[in-house]
Amino acid sequence: MYYLLTMGYHFNALFSLLGAKNDRSDFMEMLLHHLVTLGLYYASYLTSFYKLGSLVMFLHDWADILVGLTKTSAETKFKNVLIVSALLVLGVWFYTRLYLFPTIVYEGMIPAFETMLLTSNEMDKMHSKSLHTPILGMT
């Protein structure tokens, strides 16, 4: 459920970007960001990497929440709130994306690759056996 809700949020952000009347200076960057994000979500959903994909989404969402707070506080006269929220964004971003993300994904990918290699090796063995078995009683 979280997976689909997060994917829906990014579809909404993409449609909001495309439907916006104002001309954003970062339009192409944000368009590329949303398209790549949705492509990665779709690919991980299609290949049944739900757990790893949800984990990546969860780690990325923490910094995104604080980015919204920072953007909002930038429009107010409370500059101390802006400074604190910007520092929180930096701290959370560095921790979740540069420490937790690589650590957890690396630990999650090793068993996945081992499973894929094992499955690939088993398939090769089955394929090689089928080439050497007699067909219709012929040897």
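This report walks through some aromatic ring pairs in a predicted model.

## Aromatic pairs at a glance

To talk about two aromatic rings together, you give the distance of their centres and the angle of their planes. Counting with a cut-off of 6.5 Å between ring centres, you get seven aromatic pairs here.

## Phe11 and Phe15

Let's start with Phe11 and Phe15. Their ring centres sit 6.0 Å apart and their planes meet at 25 degrees, so this pair is stacked; the cut-off for that label is under 30 degrees. Both residues belong to helix H1, which covers residues 2-19. They are four residues apart, and that is about one turn of the helix.

How exposed are these two residues? Phe11 has a relative accessibility of 35%, so it counts as partly exposed. Phe15 has a relative accessible area of 53%, which makes Phe15 exposed, because the exposed label starts over 50%.

## Tyr95 and Tyr99

Now hop over to helix H4, residues 79-132, where you'll find Tyr95 and Tyr99. These two tyrosines form a stacked aromatic pair, with 5.7 Å from centre to centre and 25 degrees between the planes. Being four residues apart in helix H4, they are separated by about one helical turn.

What about their exposure? Tyr95 comes out at 46% relative accessibility, so it is partly exposed. Tyr99, at 47%, also counts as partly exposed.

## An aromatic cluster

Which residues gather into one aromatic cluster? Look for Tyr2, Phe58 and Trp62 in the structure: together they make up the cluster.

Conventions
Residues numbered from 1 in each chain as written. Predicted model: local features only at pLDDT ≥ 70, side-chain atom pairs only at ≥ 80, totals over all residues. Heavy atoms only, no water. Phe/Tyr/Trp six-rings, centres within 6.5 Å; stacked < 30°, edge-to-face > 60°. Helix = DSSP H or I, 4+ residues; strand = E, 2+ residues; numbered from the N terminus. Buried < 20%, exposed > 50% of the residue type's maximum accessible area, 1.4 Å probe, protein only.
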